Amino acid sequence: MNTDKRKQLSTMLADELKVLRESRGWTLVALADHMDHFVTPQALGLYEKGLSMPSVEVTEKLADAFGVSREALIQSRALAVMHTCE
């Protein structure tokens, strides 16, 4: 995947994560709590800013925290771009 596509994916995923979090009225600390502190609020902030991409394991924990299937999260607007770029 080229750098432009990766940046686009990162930005879209960042937006999706923020929308999911804010729709539940959670802070980054609350999201970390719902993930049993698998990652720090600071790491979650980096994902939301598009400065870092979550691993598969973190993606699974995010899906659990949001109460959606991993597949639903993977098929979100953001991650759908990644599959079309492969």
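**Salt bridges around R21**

R21, E22 and E48 are linked in a network of salt bridges, a salt bridge being a side-chain nitrogen of Lys or Arg within 4 Å of a carboxyl oxygen of Asp or Glu. The model is predicted, so local features need pLDDT of at least 70 and side-chain atom pairs count only at pLDDT 80 or more, whereas totals for chains, interfaces and linings use all residues. Residues are numbered from 1 along each chain as its sequence is written, and side-chain values use heavy atoms, with hydrogens and water left out.

**The two pairs**

- By this rule, the count comes to two salt bridges.
- R21 forms a salt bridge with E48, in which the closest N and O atoms are 2.5 Å apart; this pair links distant parts of the chain, with R21 in helix 1 (residues 3–23) and E48 in helix 3 (residues 41–48), 27 residues apart.
- R21 also forms a salt bridge with E22, where the closest N and O atoms lie 3.9 Å apart.

- R21 counts as buried because its relative accessibility is 9%, where buried means under 20% relative accessible area, exposed over 50% and partly exposed in between (1.4 Å probe, protein chains only).
- E22, at 48% relative accessibility, counts as partly exposed, whereas R21 and E48 are both buried.

**Helix 3 and what follows**

- Helices are DSSP runs (H or I, at least four residues) numbered from the N terminus, and in helix 3 the buried residues are A43, L44, G45, Y47 and E48.
- Just after helix 3, G50 takes a positive phi of about 75°.

Methods: Helix = DSSP H or I, 4+ residues; strand = E, 2+ residues; numbered from the N terminus.
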